[in-house]
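Work through these exercises with the sequence and the 3D view side by side. Try each task before you read its solution.

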Amino acid sequence: MTIRGQTDEGPKEAMVDAAVLEKLETGFKKLESTPSNSLLKKYLNKDLFDSLKTKKTSFGSSLLDVIQSGIENPDSGIGIYAPDAESYTVFADLFDPIIEDYHKGFGRTDKHPPKNWGDVSVFGNLDPAGEYIVSTRVRCGRSLEGYPFNPCLTEEQYKEMEQKVSTTLSGLEGELKGTFYPLTGMSKDVQQKLIDDHFLFKEGDRFLQAANACRFWPSGRGIYHNENKTFLVWCNEEDHLRIISMQQGGDLGEVYRRLVTAVNDIEKRIPFSHHDRLGFLTFCPTNLGTTVRASVHIKVPKLAANKAKLEEVASKYNLQVRGTRGEHTEAEGGIYDISNKRRMGLTEFEAVKEMYDGIAELIKIEREL
C-alpha cells in the first residue's frame, strides 16, 4: 500500500519546481510565525500544506499562487485567491473550509442552486422620499470560459479577451447601449472624467498586487458604460467581467431589472465559467455562486452613533457594513456602504432580497430612534 502511495505521489512531486517549493516552505513558515486573523491562517495547517504543496493545475498554478497574497498581507480577511477555475478542485481541501466559513455554512457537500433571478417586479423603491439612501448598486462578477484568472493570463490573452468583450458589448441595445473605453491609450480627459464619476478602477490594491493579478497593466483592461451612466462593465480589473447597474436614490427594483436584462443579454454571446457545485466562478472565493453584491450608500446617523446596534441588525440580515469607499475604508460623512454578504447556497433573487429586507429594517429602526 505504501509503495503504491509513493508511486502515486511520484509524478506530482515533479510537477512543482524546486524554486517554487522553496518559496512555499519559506512562505508557510512566515504564515505560522506572523499573527493574523485570516481564514488562510485558520485553515492551512502543516499536514494540509504538505498534502497540497506539490500539486498543480493544468494551467500551471501551484499552491504558491493561491496563498501568496495572504502571506504578504497578514491583515487579509481571507488570504487566498484562485489563479484559475481548476484551483477550486485541485486545492479543494483548502478552499472548501474557507468557503464554508465565509459563506455561512456552505459545506463541502452542499450544491449551489441553479441561476434564478426570480420575479424582477417584486423590488420597489426602498426610500421614495430620498431621506436615507444616497445611491443603489447591484453587481455581479463573471469569468470567460476557457481562460485562467488574472495571475495566469498572458498579455496576448488579456488583449484577446478585451477584444471579445468590447465586440460583445457593442451589440447592446436600448438603455444599455454605450461606449467601451480601453485603458491603453486612454486620453487624460476621458480618464479624469471617469475617475470623477467614480467609475474608473485604479490599478489593483496591494492584496491583488501580491496575488500577481495586475501584470501587463493596463493591457487588456477597459471600461464600458451606457449613456445615462447607470450601467457599466469593468473588463479585467479583478475579475474578467464586473457587470454593474447603479443609480442615485433607493430604487432597487429599477437597478436590479437593468442588471438582469444586461447579464442575460451578455450571457447569450459569451460562455461563462460555471461549476456544478460552486456556481459562477471568479478569482476570489468570497465572490462565488451568484457573485451578486447588492448595496446601498446610506445615511443612518442615529444607528451609526451606535455602531454595535448597526452591526447587530446587519448581521441578523446577513448584511456587510463597509466604509463609504468599500472595503478597508472609513464612513465619510456618516455614509455607509451596506450590502448582502451571502453569495452562495441561495439564488440571485434571494441574495438581493436579503439586502432589500435588511435595508428596509435599518431604515425603520433609524426612523424610530
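Predicted model: local features only at pLDDT ≥ 70, side-chain atom pairs only at ≥ 80, totals over all residues.

Residues are numbered from 1 along each chain as its sequence is written, and side-chain values use heavy atoms, with hydrogens and water left out.

**Exercise 1. The sheet**

Task: find the order of the 8 strands in the open sheet, then examine strand β9.

Solution. 
- Step 1. Strands are DSSP runs (E, at least two residues), numbered from the N terminus. Two strands pair if DSSP finds at least two bridges between them.
- Step 2. The order is β2-β3-β4-β5-β1-β8-β10-β9, with antiparallel pairing.
- Step 3. β2 (178–182) and β9 are the edge strands; each has a single partner strand, so one side of each lacks a neighbour in the sheet.
- Step 4. On average, neighbouring strands are turned by 20° against each other, direction ignored. Axes here are lines fitted to C-alpha atoms, for helices over the stretch in contact, and angles run from 0 to 180 degrees between N-to-C directions.
- Step 5. β9 (residues 319–322) joins β10 (residues 335–340) over 4 bridges. Leu319 stands opposite Asn340, and Gln320 has Ser339 as its bridge partner.
- Step 6. In a regular strand, side chains alternate between the two faces of the sheet. In β9, Leu319 and Val321 lie on one side, Gln320 and Arg322 on the other, and all are buried. Buried means under 20% relative accessible area, exposed over 50%, partly exposed in between (1.4 Å probe, protein chains only).

**Exercise 2. The helix α5**

Task: how many residues of α5 are buried, and what covers them?

Solution. 
- Step 1. Helices are DSSP runs too (H or I, at least four residues).
- Step 2. In α5, 9 of its 10 residues are buried. Among them are Leu63, Asp65, Gln68 and Ile71.
- Step 3. The cover includes α2, α3 (39–43), α4 (46–52), α7 (92–102) and α10 (206–210). Contact means heavy atoms within 4.5 Å.

**Exercise 3. The cavity**

Task: which residues line the largest cavity?

Solution. 
- Step 1. On a 1 Å grid over the protein atoms alone, a cavity is a set of points where a 1.4 Å probe fits but cannot get out; lining residues have an atom within 4 Å of a point.
- Step 2. The search finds 1 cavity of 30 Å³ or more.
- Step 3. The lining is Lys30, Leu31, Thr34, Ser36, Lys41, Gly70, Ile71 and Pro74.
- Step 4. The elements giving two or more residues to this lining are α2 (18–33) and α5 (63–72).

Key. 1 Å grid on protein atoms, 1.4 Å probe; cavity = no way out; pocket = protein on both sides within 12 Å on 5 of 7 lines; lining within 4 Å. Points joined across faces, edges and corners; volume = space filled by probe spheres on them.
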